[in-house]
Amino acid sequence: IGGAIADADLMLLDDGAGGTLRKSAMSRVRTYATDCALISTTTMSGSATSVNITSGIDGTYSIYRLWYINLSAAGAGNTVFMKISSDGGSSFIGSGYIHTGFRVNYTGSATSSSLQGANGAVQIANNLPNYGDATTEGACGYVEFYTPNVSRKPVFTGMSAQFADDGDADAYYWGGHYGTATTFDAIQFSASNNMHGILKLYGYK
């Protein structure tokens, strides 16, 4: 094989060492070889103000982490929010979130402030750079959540590192939860303007 191995490539295994060869896709190797697996990758190309992650969030892993990479939006000063769904993404819960965060800003002298998120969603990142602004690079960070298939008050934590729309460097640490016990199986990222960047969902055992 001269090229890169792909998830859809097949390998042969002696099933249970019983002498019977069976085939398996290479994508299944990570379920055996590592406690961390890349579940999905979503590219946001500036065509929508929201994106839904509706598959891969279940009881397979104990911890899920959604990384966002070079996240920006078409317009200045955007805030990005997250909502959860318990019906596979048919609808998303729009109230009842309790959230707080801490922002550290550097503008020549360090400043910091505490932030209280909106009740209608969990705030992920704030004051995003304008997409295409050559002086900024967007936000990078993650959202982490736990055992979404267990009915309890879902807890979320995260951090964001970014160049803000005004060119300053920001770090944003936050945590929160949804105030009612529930399971969930989908999440939504949304902003006031069309978003750009990459979302990568990982599972950790």
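A: Begin with secondary structure. Helices and strands here are DSSP runs, numbered from the N terminus. This is a predicted model. Its chain has one helix and 14 strands.

Q: How many residues does the chain have, and what share of them is buried?
A: The chain has 205 residues, and buried ones make up 38%. The accessible surface comes to about 10300 Å². Carbon and sulfur atoms hold 51% of that surface.

Q: Which residues of the largest nonpolar core touch the most other members?
A: First, the general idea. In soluble globular proteins, nonpolar side chains tend to be buried together. In this model, the largest nonpolar core has 33 residues. Y68, I124, F145, I187 and F189 touch the most other members.

Q: What does Y68 touch?
A: Leave out residues up to four places away in sequence. Y68 then touches, among others, I124, A125, M159, F189 and L199.

Q: Where does R65 lie, and why is R65 classed as buried or exposed?
A: R65 lies in strand β5, residues 63–73. Buried means under 20% relative accessible area. R65 has 18%, so R65 counts as buried.

Q: Which side chain does R65 join through a polar contact?
A: The side chain of E144, at 2.5 Å. Beyond four places in sequence, R65 is also in contact with residues including Y142, V143, K200 and Y204.

Definitions and conventions:
Residues numbered from 1 in each chain as written. Predicted model: local features only at pLDDT ≥ 70, side-chain atom pairs only at ≥ 80, totals over all residues. Heavy atoms only, no water. Core = buried A, V, L, I, M, F, W, Y, C linked by side-chain atoms within 4.5 Å. Buried < 20%, exposed > 50% of the residue type's maximum accessible area, 1.4 Å probe, protein only. Contact = heavy atoms within 4.5 Å. Helix = DSSP H or I, 4+ residues; strand = E, 2+ residues; numbered from the N terminus. Polar contact = N/O pair within 3.5 Å; in protein donor to acceptor, adjacent residues only side chain to side chain. Areas by Shrake-Rupley, 256 points an atom, 1.4 Å probe, with all protein chains shown as cover.
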